[in-house]
Amino acid sequence: MTPPGSTPPPAVPSRAGEAPGLVDALAQLSFLVHNALAETAGQHDLSIIQVRLLGILRDRKPTMNALGRHLGLDKSSVSGLVDRAQRRGLVDRTVSATDRRAFQVAITGTGRQLAEQAAAEFTARIETLVAGLPDTDRQLLSQLAARIVTTDADRRGIDLRTDPA
């Protein structure tokens, strides 16, 4: 969004010299964000899914099933992911206090420190990507992205509210 009376910045041209449509623009943006996340993860010998795991666990202690829903993974994939993170000392798995058949996953101090360091580096990369946007555009982009994420989570039955970790 451009302030009234100012000229909008040029859009990234497509092959035909036109601004890309919504789908192409979002795809290109997702590639930029994905690359920034992959570079950050790689610097810490983590996969993108491991970074996502640590990000989820920073502010909640989900069950394995809930973790699978957050990550879009099946039960065996979540188990393997948590096993690998647990071997690195990044997470702990404990029996749920409310359901003895379920396990909860929590981040460890080592995992939290790694997550915070990776988050700071990722933030710096994203800040570089949006540095040319005026504050009002950055706020609007943030609001729209949050709305898209929230709507998708609601559709998939995922609770995005956090709880104390």
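## Contact of α3 with α4

In this predicted model, Met64, Leu67, Gly68 and Leu71 of α3 meet Val78, Ser79, Leu81 and Val82 of α4, a contact being heavy atoms within 4.5 Å. By class, the residues of this contact are six nonpolar, two polar and no charged; Ala, Val, Leu, Ile, Met, Phe, Trp, Tyr, Cys and Pro count as nonpolar, Asp, Glu, Lys and Arg as charged, and the others, Gly among them, as polar.

Helix α3 covers residues 64–71 and helix α4 residues 75–87, and the two pack at an angle of about 100° with their axes 9 Å apart. They are therefore roughly perpendicular to each other, a term for angles of 65 to 115 degrees. Axes are lines fitted to C-alpha atoms, for helices over the stretch in contact, with angles from 0 to 180 degrees between N-to-C directions, and helices are DSSP runs (H or I, at least four residues) numbered from the N terminus.

## Contact of α2 with α4

Helix α2 (residues 48–57) also packs with α4, their axes coming within 11 Å and crossing at roughly 80°, which makes α2 roughly perpendicular to α4. Here Ile49, Gln50 and Leu53 in α2 meet Leu81, Arg84 and Ala85 in α4, and this contact has four nonpolar, one polar and one charged residues.

## The second largest pocket

The second largest pocket is lined by 14 residues, of which Met64, Asn65, Lys75, Ala102 and Phe103 lie nearest its centre. Helices α3 and α4 each supply at least two residues of this lining, and α3 gives the most, with four residues. By class, the lining divides into five nonpolar, four polar and five charged residues.

## Confidence and conventions

The chain averages a pLDDT (the predictor's confidence in each residue, from 0 to 100) of 88, and 87% of the residues score at least 70. Over residues 1–8 the pLDDT is below 50, and this stretch has six contacts in the model beyond near neighbours in sequence.

Residues are numbered from 1 along each chain as its sequence is written, and side-chain values use heavy atoms, with hydrogens and water left out. In this predicted model, local features need pLDDT of at least 70 and side-chain atom pairs count only at pLDDT 80 or more, whereas totals for chains, interfaces and linings use all residues.

Technical notes. Angles under 35 degrees count as roughly parallel, over 145 as roughly antiparallel, 65 to 115 as roughly perpendicular and the rest as oblique. On a 1 Å grid over the protein atoms alone, a cavity is a set of points where a 1.4 Å probe fits but cannot get out, and a pocket is an open set with protein on both sides within 12 Å along at least five of seven lines; lining residues have an atom within 4 Å of a point.
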